[in-house]
Amino acid sequence: MTLEVRRLGPGDEGAVRAFLAPHADSSLFLLGNLRAAGLEDTGAAYSGTWVAAFDGGNVAAVAAHCWNGVLLVQAPRALPEVARAAFAASGRPLAGLSGPRAQVEGARRALDLEDAPAALDHEAMLFSLDLRQLDVPPALARGDVTCGPPAPEETELLAEWRVAYAVETLGARPSGTLRRSCTEEVVRLTAEGSAFVLRAEGAPVAFSGFNARLPDVVQVGGVWTPPRLRGRGHARAVVAGSLLAVRGEGVERAVLFTERENRPARQAYAALGFRVVGDYGMVLLETPVPPVR
């Protein structure tokens with residue numbers, strides 16, 4: 001049966017949510033963006049051009065080319081069609097792809113990007129945690145370290161940390177543009193209540209944030225400890241502290257993904273109670289692909 005592929009807009013939100021719900025763990029970017037910005041592409045943070053394939057009246061596949069240039073996919077069917085259609089309709093450069101690993105690879109093939117150099121090509125493991133099962137690190141439980149939102153005077157330091165994170169983890173290159181975008185990100189996440197700092201003896205020692213959130217689930221991202229402070233359990237503690245904070249607000253579950261080869265991160269998350277529920281993929285291109293004309 002041929003599926004109908006079309007651009008989405010206001011009024012399609014319910015059909016998109018119904019489709020994404022069974023795939024929630026690998027769709028938090030899509031679900032979070034939908035909640036934050038809807039289906040209208042304004043160019044603002046979290047917005048994007050959304051395309052879906054319909055089987056009758058039901059959504060069967062979704063792709064969204066987002067404000068930051070990343071193409072998000074959740075397309076068990078019609079993957080090439082929705083990936084191409086979203087990129088063609090957005091009018092913006094393509095900076096990367098994100099979604100279930102096999103679908104990211106399929107979308108890359110569909111867009112003829114198999115040979116395009118990538119600054120980042122993550123084959124990641126997807127983890128999930130019922131927050132009732134969170135194992136709180138002893139240092140945090142005792143109060144030896146504390147976790148809370150960033151203070152205004154910490155913005156500059158956290159922007160420096162975000163630059164270092166982007167360079168080490170995402171393959172970014174240091175630049176004034178990167179510094180500005182990292183500063184804007186810290187400010188935005190702080191305003192949203194999605195940024196957390198771990199402090200030891202009053203000094204910041206680690207950062208964690210949520211890169212997607214719904215009323216009942218959050219996606220952890222951007223976990224960072226400066227190299228000189230690693231090996232002390234700070235990353236585990238800042239993630240736990242952030243999850244304790246939102247658990248008190250009614251959040252029931254957390255999701256995250258980390259590169260398969262990053263054994264220290266995998267061990268830290270497992271120690272908190274996270275368990276593997278699937279795989280995930282993220283590709284960030286060295287040079288964005290120009291928009292379709």
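In which loop does Ala-78 lie? Ala-78 is placed in the loop between strand E4 (70–74) and helix H3 (79–90). The structure discussed here is a predicted model.

Most residues other than glycine have a negative phi. Ala-78 is not a glycine, yet its phi is positive, at about 55 degrees. The residue is buried, because its relative accessible area of 18% falls under 20%.

Tyr-46 is another non-glycine residue with a positive phi, in this case of about 80 degrees. Tyr-46 belongs to the loop between H2 and strand E2 (48–55). With a relative accessibility of 13%, Tyr-46 also counts as buried.

## Packing of helices H1 and H2

Helix H1 (residues 13–20) and helix H2 (residues 28–37) have axes that come within 11 Å of each other and cross at roughly 155 degrees. H1 is therefore roughly antiparallel to H2, since angles over 145 degrees are placed in that category. The crossing of these two helices is left-handed.

On the H1 side, the contact is formed by Glu-13, Val-16, Arg-17 and Leu-20. Their partners in H2 are Leu-30, Leu-31 and Leu-34. Sorted by class, the residues of this contact comprise five nonpolar and two charged ones, with no polar residue.

## Packing of helices H6 and H7

Helix H6 (residues 155–170) packs against helix H7 (residues 176–192) at an angle of about 120 degrees, and the two axes are 8 Å apart. H6 is therefore oblique to H7. The crossing of H6 and H7 is right-handed.

H6 contributes Thr-155, Glu-156, Leu-158, Ala-159, Glu-160, Arg-162, Val-163, Ala-166 and Val-167 to the contact. These residues meet Leu-178, Arg-179, Cys-182, Thr-183, Glu-185, Val-186 and Val-187 in H7. By class, the contact of H6 with H7 holds nine nonpolar, two polar and five charged residues.

## Cysteines

How many disulfides does the model contain? The count comes to zero. Cys-147 takes part in no disulfide, and the nearest cysteine sulfur, which belongs to Cys-182, is 20 Å away. Cys-147 is partly exposed, with a relative accessible area of 26%.

Cys-182 counts as buried, at 4% relative accessibility. As noted above, Cys-182 is among the H7 residues that meet H6.

## Two residues of strand E11

Strand E11 (residues 253–259) includes Arg-253. This residue is partly exposed, with a relative accessible area of 26%. Arg-253 and Ser-128 are 125 residues apart along the chain, while their C-alpha atoms are separated by 7.2 Å. Setting aside neighbours within four places in sequence, Arg-253 contacts Ala-24, Asp-25, Ser-128, Leu-129, Asp-130, Leu-131, Asp-216, Val-217 and Val-218.

Thr-258 is also located in strand E11. Is Thr-258 buried or exposed? At 9% relative accessibility, Thr-258 counts as buried. Thr-258 and Glu-123 are 135 residues apart in sequence, with 8.3 Å between their C-alpha atoms. When residues up to four places away in sequence are not counted, Thr-258 touches Ala-124, Met-125, Phe-127, Ala-265, Arg-266 and Tyr-269.

Gln-103 is part of helix H4 (residues 101–110). Gln-103 counts as buried because its relative accessible area of 11% is under the 20% limit. Which residues does Gln-103 touch, not counting those up to four places away in sequence? They are Val-73, Gln-74, Ala-75, Pro-76 and Leu-79. Among these contacts, Val-73 and Gln-74 fall within strand E4 (70–74), and Leu-79 falls within helix H3 (79–90).

Definitions and conventions. Residues are numbered from 1 along each chain as its sequence is written. This is a predicted model: local features need pLDDT of at least 70, side-chain atom pairs count only at pLDDT 80 or more; totals for chains, interfaces and linings use all residues. Side-chain values use heavy atoms; hydrogens and water are left out. Axes are lines fitted to C-alpha atoms, for helices over the stretch in contact, and angles run from 0 to 180 degrees between N-to-C directions. Helices (H or I, at least four residues) and strands (E, at least two) are DSSP runs, numbered from the N terminus. Angles under 35 degrees count as roughly parallel, over 145 as roughly antiparallel, 65 to 115 as roughly perpendicular and the rest as oblique. A crossing is left-handed if the near helix is turned anticlockwise from the far one by less than a right angle, and right-handed if clockwise. Contact means heavy atoms within 4.5 Å. Ala, Val, Leu, Ile, Met, Phe, Trp, Tyr, Cys and Pro count as nonpolar, Asp, Glu, Lys and Arg as charged, and the others, Gly among them, as polar. A disulfide is a pair of cysteine sulfur atoms within 2.5 Å. Buried means under 20% relative accessible area, exposed over 50%, partly exposed in between (1.4 Å probe, protein chains only).
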